[in-house]
Amino acid sequence: MSEYNQTRDAAATITTLDDNMLRDMNDVCPDEMVVASLMKYYDVCMDNYDKTILEAIERVLERYMSHSDFNSWVSTRGK
């Protein structure tokens, strides 16, 4: 088997495993994935300081997170 075919087969295997893992995670904890993604995106937007996007992310996080978790996040963001 050529190196190209070995590389292609290995990439296909890894892609399939990652796809299955992400599908499993999405089935088990979709809300947690939304929260984690938005928190990371919030940090990225802080660099460009787009106030409208930051406020929108805050509103969505407030709906997805428990009250105590949201308050804790608000008190520690930007540090």
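Predicted model: local features only at pLDDT ≥ 70, side-chain atom pairs only at ≥ 80, totals over all residues.
Tyr42 touches Leu54, Ile57, Glu58, Trp73 and Arg77, leaving out residues up to four places away in sequence; such a contact means heavy atoms within 4.5 Å. Residues are numbered from 1 along each chain as its sequence is written, and side-chain values use heavy atoms, with hydrogens and water left out.

Tyr42 also belongs to the largest nonpolar core, which has 10 residues: Val35, Leu38, Tyr42, Cys45, Leu54, Ile57, Leu61, Met65, Phe70 and Trp73. A nonpolar core is a set of buried Ala, Val, Leu, Ile, Met, Phe, Trp, Tyr and Cys residues joined through side-chain atoms within 4.5 Å. Here buried means under 20% relative accessible area, exposed means over 50%, and partly exposed lies in between, with a 1.4 Å probe and protein chains only. Helices α2 (30-48), α3 (51-64) and α4 (67-76) each supply at least two residues of this core, and α2 gives the most, with four residues.

The neighbouring residue can be considered next. Tyr41 is found in helix α2. It is partly exposed, with a relative accessible area of 40%. Leaving aside neighbours within four places in sequence, Tyr41 is in contact with Ile53 and Ile57. From Tyr41 to Arg8, 33 residues apart in sequence, the C-alpha to C-alpha distance is 32 Å.

Attention now turns to helix α1 (residues 3-28), where Ala10 has its place. Ala10 is partly exposed, with a relative accessible area of 38%. The C-alpha atoms of Ala10 and Val60 are separated by 39 Å, and the two residues stand 50 residues apart along the chain.

The whole protein can then be described. It has four helices and zero strands; helices (H or I, at least four residues) and strands (E, at least two) are DSSP runs, numbered from the N terminus. The radius of gyration of the protein is 18 Å, but a compact globule of 79 residues would have one near 12 Å. This radius is taken over C-alpha atoms, and the globule rule is 2.2 Å times the number of residues to the power 0.38. Along the principal axes, the C-alpha atoms fill a box of roughly 55 × 30 × 20 Å. Buried residues make up 14% of the 79 residues.
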